[in-house]
Amino acid sequence: MHETIDTLLQEGRTFAPPADFAAAANVNDPAIYEQAAQDSVGFWEGWAKQLDWDQPWNQALDWSNPPFVKWFVGGKLNACFNCVDRHAAGERSGKTAILWEGEPGDIRRISYSELKDEVSRLANALKELGVGKGDRVCVYMPMVPELAFAMLACARIGAAHSVVFGGFSAESLFDRINDGQAKAVITADGGWRRGSVVPLKRAVDEAIQMGCPSIEKVLVLKRTGSEGLMTQGVPTPAYDQGKWVEGRDVRWEELVPRQSVECPCESMDAEDLLYILYTSGSTGKPKGIIHTTGGYLTGVMATTKWVFDLKEDDLFWCTADCGWVTGHSYVVYGPLACGASVMMYEGAPDMPDKDRFWRLIEAHKITILYTAPTAIRAFMKWGDEYPERCDMSSLRLLGSVGEPINPEAWIWYQQFIGKGRCPVVDTWWQTETGQIMITPLPGITHTKPGSATHSFPGIEAVVLNEEGVDLGAVRKPGQEVGGYLALTRPWPAMTRGIYNDPERFIKTYWSKFPGKYFPGDGTKMDGDGYFWLLGRVDDIMLVAGHNISTMEVESALVDHPAVAEAAVIGKKHDLKGQAISAFVLLRSTHQNRPGLIDELKAHVAHKIGAIARPDDIIIAAELPKTRSGKIMRRLLRDVAEGRALGDTTTLADSNVVNTLKDKYESMES
Ligand code: 6R9
């Protein structure tokens, strides 16, 4: 047996679920893992029965044609009915479905019965525009309640939505509209971001001008009323002037409010398309990941209830934008299927000040917070005084998603935000998996900072080496192993493929280990069987014959009191194959000083071994990240190896890499 990834970092701290939390938790009996493993199909069927079906399924799982799966074959239901109508019709009718705060501070509270009316009107409006069952609708909006209405209205009439993040360019929009052959776009004049207007309608105009023959209508919400405002030095036109195209462009306020609130839900097949969501992939054109109705809803509902221990009186805040899968599964479909109250916030975490998140928690008494390591590390960098000046005693559970969370960031989150009182759930999953896959269950799992712990009941995750050997099964008892993560059985919310490209789906995820799903991530499994996700295998470094994960070196750096965030890459080296280069951001309480870089190198060597000592460390002001906050190590490799930058379309801020490039080059000379 050989390991595919060396495991270096050791983290010994563990946290038991608080006794009172465990006693009241939605699930607290560890026997559930064994039961679900014995009969995973029956386990998922149990969850599916908690949805309202127009017609029951006659076969729970059809896995006769892998990797193309079908769940709940023959069943019929409507996702919008399950997220809205069934709550509006019962005791939750007056309950808050969405509590929203705009960046300028405007607040809206929408009950389930109001949500039903809003969504029904919009659904009728879409019908009037000629959209119907089987069509695709592109949604390109700021984080306003109407974004959720748009998704639900599409689901209501059986049209698939394709949400494109409001920060993406006209060109990305153009690609996604054409790949999905969308019939209509739902957009807004603009959205608020850090005090300025993101001109959305203008980008839609540009995209369509580039050639989007499938688009018949553009529905435009007035959000900013941005006439005369300046955006990046350019005056923003009023949303209904400028390039307003008569016959194509439709004003929301002229069309939607006059619609009837009666709009029956289309009865959909469990396997009918619910949505397409484009994920960038490391190379090539974006992949249109498809999700269908019955299995997806089952998976997101189950994980919302158990991972977040969602209760009737919770106020659940997943900070993700609906442009990402996290916003689809845990702002909209998961929590609303459960009848939860959901918090939505439009803007940036540092507007007007760096305590905005904590102010929101204090003001609205948010009970569950689900955010990303990139945000947590930014909060650490900004300093402890911001959370300290707010009362966040309403919080009872904290979650993390999007990247591996470094142990120090986990501890900070647990101590400064959760005050040691709230369990922390680090959840691993992907756009393609649709639902959370590897995660603690807060009433059961003893957590370890930096570990996503175990696969959710009914899911089986394994660590494989290059030859596909299951390292967890063949290792000596208690031995730690590292390799490729793979998933061995189908789960309900798994993607049904890539839109219009089944071959790419097979090649990308199912050909490395035939019969198993390969997500592209590395992982280690510790002596207790806990998973520690190590990031994308493309990022793994090969240093003097050792496969070292960037994540472990980054975590060792973040462990140093001066460091808030680190990005590590392997840079070509004549003798070692690759040498480790690190880009480091300091906490606001620390400054660069003579000797600090040597101290950091020594710290890494001390924490995880001399093999991982970085050859060079650059103190940076920012790191290149995707717009969803993931560090783009590929671009840092381009910088370090003096290449022209590769694809930067998903990069949040291009100035960041250019600055780093200058700094790197001046250091080299
Ligand atoms: C939900 C989401 C998926 C990739 C995934 C992995 C990384 C997400 C993680 C994590 C370690 C976690 N990732 N959660 N890595 N620990 N808790 O982020 O979907 O945007 O498709 O990204 O993100 O590398 O493969 P998506």
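Of the 16 residues around the ligand, which come nearest? Asp426, Thr427, Thr431, Asp521 and Lys630 do, where a residue counts as around the ligand if one of its heavy atoms lies within 4 Å of it. This is a predicted model, in which local features need pLDDT of at least 70 and side-chain atom pairs count only at pLDDT 80 or more, while totals for chains, interfaces and linings use all residues. Residues are numbered from 1 along each chain as its sequence is written, and side-chain values use heavy atoms, with hydrogens and water left out.

**View 1. The open sheet of seven strands.** The strands, DSSP runs of E with at least two residues, follow the order S5-S4-S19-S18-S20-S21-S22 with mixed pairing, a pair needing at least two DSSP bridges. Strand S5 (107-111) and strand S22 (424-426) stand at the edges with a single partner strand each, so one side of each is left without a neighbour in the sheet.

**View 2. The pairing of S4 and S19.** Strand S4 (residues 96-101) and strand S19 (residues 341-345) pair in the parallel sense over four bridges, and Ile98 stands opposite Val342 in S19.
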